[in-house]
Each structure stands twice: as C-alpha cells, then as structure tokens.
Amino acid sequence: MMLVIIASGLLIVDQITKFAVRSRMEIGETLPVFRGVLDITYVQNRGAAFSLFQNSQLITVILPIITILAGIVFLVYLRRNNERVAELGALLIVSGGIGNLIDRTVIGFVTDMISVGRFPVFNVADICVTVGCGLLILWVILGEIKNAKA
C-alpha cells in the first residue's frame, strides 16, 4: 500500500509542476536554477520521448494506454510474488505513464520543464518512468545473480 501512495504522490507532484509551469511561464521561457546545468524551461512536447513521433495519436495515446494496462497486470503478478523492487519499478512506470497520458488527452501535449545541460527537456513523469525502468533492470539482474548462485 505504501508503494501505491508513493506512486500516487509522484503523479500529483507531476501534475502540479506541469500546471505551475503552464500557468506562470511562456513557451520557451527559461528560469535558471544553476545556469546551464539545471534550468526550468517550458516546452510543449507533442510527440513521444525526445519529441519523436510528433502529432501521432496512435503512438502517443494508444500505445501508452496499452503499456499502462500491461503494467497493471504485471503489478498484480508482482504483488502475488512479493517482489517489492519490481513492484515499485512497475508502479513508477504506470504513474509516469498516466501523468503524461493525462497531458496528451486533456491538453494535447506533454508539458516538459526540467532542463539538464544539453539533455532534452523532461518532466517528473519522465523521471518516474526512467527510475522505474532502472528498478526493473536491477530486479532482473539481481534475479539472475540469485539464480546463478542457486
């Protein structure tokens, strides 16, 4: 239950930060936090990751819905097997996916705002998905190590 609360809280933080940026900044505006290292830059992403597949409804809406549903099924499996690391990873992926899907379906684009160096601008939902994937990779690696020792 605690993991669900964490993932839900991150979804709320994602939506609040996106709303704050949309309501207080102009598109393309940058607010330096640590100039050139970490900035807040308002970008409207009408594509998938790294702005790929711009304006493609199939890729940016339908596939995330399928991914979220698959993630929920995977979560049920993980919960039954008490796999906490993988469960957190899957919850973060689902949470981040829902956060960006809300943007795409309600306002027509994803609000990105975190700019780190020359890396593409991203948001809290993207961080959730990335960390979630990292946790699932870690879970697989630890599982392989455990199986190799057995």
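Analyst: Start at Asp-126, whose place is in helix 4. Helices here are DSSP runs of H or I with at least four residues, strands are runs of E with at least two, and both are numbered from the N terminus. The model is predicted: local features need pLDDT of at least 70, side-chain atom pairs count only at pLDDT 80 or more, and totals for chains, interfaces and linings use all residues. Residues are numbered from 1 along each chain as its sequence is written, and side-chain values use heavy atoms, with hydrogens and water left out.

User: Why is Asp-126 called partly exposed?

Analyst: Its relative accessibility is 23%. Buried means under 20% relative accessible area, exposed means over 50%, and partly exposed lies in between (1.4 Å probe, protein chains only). The 23% of Asp-126 falls in the middle class, so partly exposed is the label.

User: What makes the link between the side chains of Asp-126 and Asn-100 a polar contact?

Analyst: The two side chains come to 2.8 Å. A polar contact is a pair of N or O atoms within 3.5 Å; within protein, one must be able to donate a hydrogen and the other to accept it, and residues adjacent in sequence count only if both atoms are side-chain atoms. The distance of 2.8 Å is within that limit, so the pair qualifies.

User: Which residues does Asp-126 touch, leaving out those up to four places away in sequence?

Analyst: Asn-100 and Asp-112. Contact means heavy atoms within 4.5 Å.

User: For which feature does UniProt list Asp-112 and Asp-126?

Analyst: The unreviewed UniProt entry lists the two under "active site". UniProt positions follow the numbering used here, feature names are shortened, and annotations may be inferred rather than shown by experiment.

User: Why does Asp-112 count as buried?

Analyst: Asp-112 has 2% relative accessibility, under the cut-off, so it is buried. Its place is in strand 3. Beyond four places in sequence, Asp-112 touches several residues, among them Tyr-42, Val-43, Phe-122 and Asp-126.

User: Why is strand 3 described as largely enclosed?

Analyst: Strand 3 covers residues 110–116, and six of the seven are buried, so the rest of the structure largely encloses the strand.

User: What makes strand 2 and strand 3 a pair?

Analyst: Pairing requires that DSSP finds at least two bridges between two strands. Strand 2 (residues 38–45) and strand 3 have six, in the antiparallel sense, so they pair. Asp-39 stands opposite Ser-115 in strand 3.

User: Where is Val-43 placed?

Analyst: Val-43 is in strand 2. It is partly exposed, with a relative accessible area of 26%. Outside its sequence neighbours within four places, Val-43 is in contact with Val-110, Thr-111, Asp-112 and Val-121.

User: How do you know that the span of helix 4 is close to the expected one?

Analyst: The expected span is 1.5 Å times one less than the number of residues. Helix 4 has 26 residues; it reaches 37 Å from first C-alpha to last, close to the expected 38 Å.

User: What caps the N-terminal end of helix 4?

Analyst: Asn-123 does: a side-chain oxygen lies 2.9 Å from the backbone nitrogen of Ala-125. Ala-125 is one of the buried residues of helix 4, with Cys-128 also among them.

User: What covers the buried residues of helix 1?

Analyst: The cover includes strand 2, helix 3 (84–106), strand 3 and helix 4. The buried residues of helix 1 include Leu-3, Ala-7 and Val-21.

User: Where does UniProt place "transmembrane region"?

Analyst: The unreviewed entry gives residues 58–78, 85–102 and 122–142. In the model, residues 85–102 are 100% helix and 0% strand, with end C-alpha atoms 26 Å apart. Residues 122–142 are 90% helix and 0% strand, with end C-alpha atoms 29 Å apart.
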